[in-house]
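Welcome! Please take a moment with the sequence and the 3D view before we walk through them together.

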Amino acid sequence: MSSRVNNNPFERRQVMKVNQEKSRPLPPWMSRMRAQWVEETVSETVKADNCLFGVIIGPGGSTMKELQVKYNIRVLVPRKGSKDEPIIVEGKDKTLVKDAVLRIKALIAEEKERRRVTTPVSQTLCIPKALHGKVIGLKGQNIRPVTQALKLKIKFPNKNDNSDEVTLTGLPDQVDQGISRLLNLVTRFPPCRA
């Protein structure tokens, strides 16, 4: 078994440089800072839907920067499209981390409520087929004030359809008011005899 000895000094220097670069240790001050951060860091997670991450980030990252400065923390938001990954809040002061988590949860709750209130919904109401014409009124005179005042779309089934279902579409509060107004219209008319 023969071992090859490299007698070329230039090649030896290159090999040594490559090996030195790979195994180069961190400066002592950096390893102390890293160890200190790891030891003293308090971390908490916040679960949120991916579609709500933008609320925490804010326009141009402004909300996240504001949180980080105000509470002296770091906020790690998962990448867009990641599934079931929480938002991580970490810092050195446990109370500031908890306060930041509460603020983030409040931002998420506010956005959920805003979306709930501003997202149109549809609800179905059963009104006997025989009363549809009376509820609508002549040329829509009974139903028009409801649709215009509440900005609703009310869809009655076709004449050939025997369905009793009337669909109201609009914002949640307006749909609820529309249902109560339609029920008031229905109670004004006597029940039909079959």
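What you see is a predicted model, where local features need pLDDT of at least 70 and side-chain atom pairs count only at pLDDT 80 or more, while totals for chains, interfaces and linings use all residues. Residues are numbered from 1 along each chain as its sequence is written, and side-chain values use heavy atoms, leaving out hydrogens and water.

The protein chain holds eight helices and six strands; helices (H or I, at least four residues) and strands (E, at least two) are DSSP runs, numbered from the N terminus. Of its 194 residues, 27% are buried, where buried means under 20% relative accessible area, exposed over 50%, and partly exposed in between (1.4 Å probe, protein chains only).

Now look for helix 5, residues 94-118. Its 25 residues reach 36 Å from first C-alpha to last, close to the 36 Å expected at 1.5 Å a residue, the expected span being 1.5 Å times one less than the number of residues. Its buried residues include Val97, Ala100, Val101 and Ile104. Among the elements covering the buried residues of helix 5 are strand 1, helix 3 and helix 4.

Is Gln68 buried or partly exposed? Gln68 counts as partly exposed because its relative accessibility is 22%. Leaving aside residues up to four places away in sequence, Gln68 touches Ile73, Arg74 and Val75, with contact meaning heavy atoms within 4.5 Å. Gln68 and Val89 lie 21 residues apart in sequence, and their C-alpha atoms are 9.3 Å apart in space.
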